[in-house]
Amino acid sequence: MVDYIVTVYTSDLAFAGTFNNVHIKLVGTDGVSNRTWLLGLKGPLSFYKGAVSSFTVSCPVSIGKLILIEIEGQPLITFFTDNWFPAKVEVKSPEGDTYNFPIYRWLTNSEVHRFREGTALRVFEDTHDLGKYSRNEELKERKEDYCWKEYLEGTPHCMKSEDPLDLPDEVQFSFTKTTEFGYTAATGLSALGLSGISDSTENWPDMDTLNRVSCCKLTDILEYVQKHWKEDAFFGYQFLNGINPMLIQRCSVLPNNFPVTDDMVFLSGQHSLADEMEKGNIFLCDYKRLDGLIPNIINGMKQYLMAPLILLHKTPDDQMMPIAIQLKQTPADDNPIFFPTDSEYDWLTAKIFVRSADFNEHQLNVHLLRTHLLAEVFAVSLLRNVPMVHPLYKLLVPHTRYTLQINNLARGLLISKTGIFTKFAASGGEGMKTILKRSLSSVTYRSLCIPDDIADRGLEDVPNFYYRDDGLQLWEIIHRFVQGVLNFYYKNDDEVQKDTELQTWISDIFEHGFLSQPSTGIPESFTTVAELVKFVTMVIFTCSGQHSAVNTGQFDYGGWMPNNPVTLKRAPPIKKGTTSENTMLRTLPDINTTVQGMSTVWLLSRQSTDSVYLGQYPEEHFSDKMPCKLTKDFQGDLQVLSAIINARNNNLKVPYTYLDPKVIENSVSL
Ligand code: FE2
């Protein structure tokens, strides 16, 4: 007889343990062990939360190299389901080899579950019959569990599930995340002490009242925003380092529908637009996606959402100053172009309309569509098409954590018929659907890859642009890691081309995420290793850094409502000289709309105690030495970047922290 020492690690998640009788069968290249009951000295406590328990499985002779294990938990009491979350199983063979079997999922029934040994295997090198069989069975099951659904025509497809609890257990929130999350408007309102005024449909009587209401739960940045929101330099700064750094672009030719002339913006005559454009000092933000939308009706009142154009001038002292704002796309007498030289409230009102347009553009396009919905597409395609033993699964599955559930909740609680955005955002309802559709048709592969995106927007040498500085470094670090891992598994382009699972993953993304539009530039298939590396880098960057850049600061920049109004309820001035503090107060959202917006951005910026930060892989899916070493290098690089960002931030009035690896989560989970 020969002995195999089997060590079972039960996860330390809440309720991960089981009192089930656990049986195991080892499958090797030369034979199979008997189905063996894992009965140890600890008895029924062998599989409690966090337990590590060893057992002996004896075979008459060696069964060769281990391929997989079959594991099953029989309930102590019939019909009593006792869910179990094993982390991994380690087996020491009589030859002295150690085999690692990653599991990291809930086992919720008494059926036989097969898990492959941790060495990554592409489909064309998986030659063992039972190995191949279990690979196909796993994908067959997953295709039943993870199905595509069209949520809204013209937008990325999503995971078919009516309720978060319908999702497979393996992708649901942990108990900790569920209890902390409390994703309801009431939670946010009470945490911010706003419940008492959440039914008031009145105007804000004065700025002082608004100030006092907004004073609880201040973050340092929110406090800064509250003090400086009216300043032009800060207005311009937010296009670079606020929560929407995705719209600003260098302007070399004025759009035909924005007839700004030199004498309008350079009164002293020392500059000309042509010269400044030539020098690369003029920038444009164009919210044309918001043009012509049917705005919401809130508290029985028609709302207003503009599609502004903003011209900015980089001054010799490196400030990004707004020099002209036109609130509607079509030039007309009743669509004046506003300037900093206009009356205080004309200019401030124009800026408030821009910030409100930005709330809607940011939430729907930049945040929801370009990070949440795309991350879900990458995840569903991975889960349907790529088995656990595949290197791509091992690399990407940590970057899918909680995404399906958070998106399910976002669809139900934010953008459904009764959702908070639908009820309280200017674009709520039909407008929101139009923005999402227009947004997808504007997404290109290049715009998802920060080095290409920055180059295409002409922003390579804009000073004080921390989103770009940190984002490019982060991209480089992720790229180096992904390249190392994928070059280890794919020695040449031919191996990429013949990996049918990899090819189905990308073709499903092309079809269901980008609706088979070749104009997006999204690959339909992979031809080279380099193409694969770039795409996977983009996936990890989008799910981690990009989401953090557009998510983490929502309360910082949106908690003070006038800086980021969810809607506005008075038409913009059609003539100059008609505004005052009073018209501004009547333009800002009602009290209930304001506090609903504040509580939502607060909830959406809150981190959970079970967050997993970028580059941390507590689930050890890889067994091969090389990816484990590359993971350590990756973590080291991220630490260095974090230190660089920290040192830089020490010298800034407004620190830019959203791309600090210490605050970036691995996945879109909030
Ligand atoms: Fe988010």
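Predicted model: local features only at pLDDT ≥ 70, side-chain atom pairs only at ≥ 80, totals over all residues.
Colleague: Is K88 buried or exposed, and how does E620 compare with the cut-offs?

Modeller: Buried means under 20% relative accessible area, and exposed means over 50%, with partly exposed in between. E620 has a relative accessible area of 41%, so E620 counts as partly exposed. K88 has a relative accessible area of 11%, which is under the 20% limit, and therefore K88 is buried.

Colleague: Which other residue forms a salt bridge with K88, and how far apart are the closest N and O atoms?

Modeller: A salt bridge needs a side-chain nitrogen of Lys or Arg within 4 Å of a carboxyl oxygen of Asp or Glu. K88 has such a contact with E90, and both E90 and K88 are buried. The residue is E90, and the closest N and O atoms are 3.8 Å apart.

Colleague: What is the N to O distance in the salt bridge between D452 and R446, and is D452 buried or exposed?

Modeller: The side chains of D452 and R446 meet at an N to O distance of 3.9 Å. R446 is partly exposed, with a relative accessibility of 42%. For D452 the relative accessibility is 14%, so under the 20% limit D452 counts as buried.

Colleague: Which residues are linked with R116 in a network of salt bridges, and how many salt bridges does the structure hold?

Modeller: R116 belongs to a network of salt bridges in which D126, R135 and E501 are also linked. Counting over the structure, the number of salt bridges is 34.

Colleague: Which residues coordinate the iron ion, and how are the donor residues spaced in sequence?

Modeller: The iron ion is coordinated at 2.1 to 2.4 Å by H367 (NE2), H372 (NE2), H547 (NE2), N551 (OD1) and L670 (O). Written along the sequence, the spacing of these donor residues is H-x4-H-x174-H-x3-N-x118-L.

Colleague: Which residues form the negative surface patch, and in which helix is D145 placed?

Modeller: The negative surface patch is formed by E111, E141, E144 and D145. Membership requires over 30% relative accessible area, and D145 is partly exposed with 37%. The place of D145 is in helix α1 (residues 129-145).

Colleague: Which residues form the nonpolar patch on the surface, and what is their accessible area together?

Modeller: The nonpolar patch on the surface is formed by F19, L45, Y48, L76 and I77. One of these residues, Y48, is found in the loop between β4 (36-37) and β5 (52-59), and at 41% relative accessibility Y48 counts as partly exposed. Together, the residues of the patch have an accessible area of about 540 Å².

Colleague: How far apart in space are A120 and S623?

Modeller: A120 is in the loop between β9 (113-116) and α1, and at 6% relative accessibility A120 counts as buried. A120 and S623 are 503 residues apart in sequence, but their distance in space, C-alpha to C-alpha, is 7.6 Å.

Colleague: What is the phi of N464, and where is N464 placed?

Modeller: Most residues other than glycine have a negative phi. N464 is not a glycine, and yet its phi is positive, at about 55 degrees. N464 is partly exposed, at 37% relative accessibility, and its place is in the loop between α15 (450-456) and α16 (466-489).

Terms used. Residues numbered from 1 in each chain as written. Heavy atoms only, no water. Donors = N, O, S within 2.8 Å, 3.2 Å for Na, K, Ca; no water. Patch = residues over 30% accessible without salt bridge, like charges linked within 9 Å, V, L, I, M, F, W, Y side chains within 5 Å. Areas by Shrake-Rupley, 256 points an atom, 1.4 Å probe, with all protein chains shown as cover. Lys, Arg positive; Asp, Glu negative; His and termini not counted. Charge placed at Lys NZ, Arg CZ, Asp CG, Glu CD. Helix = DSSP H or I, 4+ residues; strand = E, 2+ residues; numbered from the N terminus. Buried < 20%, exposed > 50% of the residue type's maximum accessible area, 1.4 Å probe, protein only.
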